[in-house]
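This report describes some local features of one protein chain. Please look at the sequence and the structure first.

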Amino acid sequence: MTIKNIVVVGAGTMGGGIAAHCANSGFNVTLLDITAAGGDPNTIVQSLWDKQLKMKPAALMNADAARLVVLGNLDDDLKLVKDADWIIEVIIEQLQPKRDLMKRIDALRKPDSIVSSNTSGIPIHAIAEGLSEGFRTHFCGTHFFNPPRYLKLLEVIPTADTLPEIIQRVTKFAEDKLGKSVVVCKDTPNFIANRIGSFVGQYRALAAIDNDYTVEETDALCGPIIGNPKTGVFRLSDVVGIDVWGHVTRNLYELVPDDESREIFKLAGVVEKVIQNKWLGNKTGQGFYKTVKAADGSREFHALNLKTLEYSPSIKVRFDVIGELKDLPLSERLHELFTNPKWQEDRGGGFIIETTLPILAYSARRIPEIANTPFEIDRAMELGYATESGPFKTWDAIGVAHGIELMKARDIAVPTWVDHMLSIGHQTFYQTIDGRTVGVYDPVKATYVPVDRHKLNIILSESSGTQRELKRNASASLLDLGDGVLCLEFHSKGNTIDQFALDMGKAALDTLTNDAWRGLVIANQGKEFSLGANIGMFIMALGDLTALEKAVRTAQYAILDFRFAPKPVVAAPRQRVLGGGTEICMAASRMVVAAETYMGLPEIGVGIIPGWGGCKELLRRNVSPHMTSDKVDALEHLQKVFETIAYAKIGESAAQVRRNGFLTDADVIVPNDEHLIGYAKQTALAMADAGYVPPSRDARSVYAIGSRGKAAMTMAVESLRWGKFISAHDALIAKKLTHVLCGGDLTAPTWVTEDYILDLEREAELSLFTEPKTQERITFMLKNAKPLRN
């Protein structure tokens, strides 16, 4: 059965977020909450929904999605569940209210509808006890993580009564339509992510308190150096809410009487005191950290002293282990940290080692209680807590046998199944062949079993072994994705585009001419798709106009070559895609875009305009298609292009990117970025099968409005300058942009070639690069830039 209509009961932060995200994916949603007394019965649900509409970061991917959400109340509108394909309960975290609501839903739902409860810890089977067989077989738990739009993990929890096909339907819908990554969990306290995550947070917080580590030191040692977000432990609790941390931990203590490590789930006295003081983190303005306004008006970050409970200015923490190891790949970093004896004696390294080993052992002891294999636990932690490496991948990096040796030396209990795994000749939790993960150890079956992965989920780091990587340089690689499809992967810092990346692009196109290849995908799986051109390419040439012109021209035509490639080129952007990264994507034959893509051309902020084809492509995509009729005024469409560039508009979702004019009707938005490269590969093959023919390089495909448009737009710019809304330098940049977008000095509307607009772009960019104000901006930007990391 197809899921089309969704009812969400409970319009609080989580329920409203789930409703918004279902609407993001184009589904009709009815959002219900309790009935308001007197007056409008929908007052409560309306006020809660209004909060969702104001959420930062935004819950909705575009404003139009709000139209798909219909509001109602439980007295007048619960009957609407009879038409729902999926009913999601998201009310108060108490068993009896959930059971009472489910009894009402049971009497109203249609026989084939799915019902799920969103809970972070209440036993799922208890919620459905005593209800009809039809209800119980179609019922499961669905644990979304907050905010639902941005956190990918969805834990799906069947009961003993749940039909397997129901779990399959929920999983497929969540992954393919909502962009979720599903982990099917057992019905155990806090499921997987929060069971392990609670132990991780508690163990490290208690260790910090007991051993006199500051909150700043703890967060530094528990952050990126070991593959975690920079929020570490205490900053993370501020973000989540320290009261929430306390509630989850206390509940877990009560729910796991047989857990051998149960005492870890007792809150430290200092945490209890912080909660009593209502220092609950970001939502109250202070927790383990707070922001203070300094005398000069600037903001200062202060940290809590865990002994005195007083705040003082936060201190920049420095540890040798971070300084020496931070630039190594994570697996090498972990191996060095745990195998080099010097780090065990180091204050920073020692903290990491002494807190990580118990976490790894605890995770292993939870198998098969909460999961059947290490894969489910790793995946839940990587998706739910944004760690780069789950506990078992971390243990593999350390070395399983070495890890056991370290644990036993510290009297840390290691489950017998891990010893048995080693004794039968399996030295790692994961089985790899030619760099690709193909299996995971199953302790019950005492052998490797295949890793359950969606057919579209291509992991480039597993495709870059010696047999799949064709070429590599400092900034990019050329990979073989199989089936005759190449992949151009950027891997510089921030995936910025430099000469090495452009050289690899040329190598990719040269290779593509061979009959063995059918298409090219441009993709990577770094933190950002691309933060744009590496400005260093041009800084070195600033004193030599000839060299600068050559650098810009070389980049322009390296990118233009993608557009005229003889076989399909498919770009697969995701996350931030800026400047030159955007221009490369627009040069592709097709874009397959992740729903969470933030694309734009921000060059104006540096004091220049897009010079690698950005102006040309926005004209070609947004003006030219309308000008096949002589009854259309190009100025309206041209103004949209001008504003997109001049205001440096960055779409906050792929839907907004489309609205801003970067995508064509043929470009596709993919909800799940794990499927992105697989979908891009399929698209390239489908285009090849359909007999792809590249556009003609000589075609006059860009409409230039000429002097009439230039005069009108120049007058608008001058009006802004006269009104002191923009500076003289901003006006200069805007007029240069107008000159390019209108076709230069053309006196009448004319269709021109793409090369013609590129020449205008290059001329304008070169002249702006030599402006003192632009050079000041670039110098300031470089001086204040933060280090980039992939």
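Gln575 is partly exposed, at a relative accessible area of 23% (buried means under 20%, exposed over 50% and partly exposed in between, with a 1.4 Å probe and protein chains only). This residue belongs to strand β20 (residues 575-578); strands (E, at least two residues) and helices (H or I, at least four) are DSSP runs numbered from the N terminus. The model is predicted, so local features need pLDDT of at least 70 and side-chain atom pairs pLDDT 80 or more, while totals for chains, interfaces and linings use all residues. Residues are numbered from 1 along each chain as its sequence is written, and side-chain values use heavy atoms, without hydrogens and water.

Gln575 has a positive phi although it is not a glycine, and Ala386 is another non-glycine residue with a positive phi.

| Residue | Phi | Place | Relative accessible area |

Strand β7 (residues 153-158) is largely enclosed by the rest of the structure, because five of its six residues are buried. Strand β6 (residues 139-144) pairs with β7 in the antiparallel sense over five bridges, where pairing requires at least two DSSP bridges between two strands. Glu155 of β7 is the bridge partner of His143. On pairing with strand β8 (residues 181-184), β7 runs in the parallel sense over four bridges, and Val156 stands opposite Val184 of β8.

The loop between β6 and β7 holds Pro147. The peptide bond from Asn146 to Pro147 is cis, with omega near 0°.
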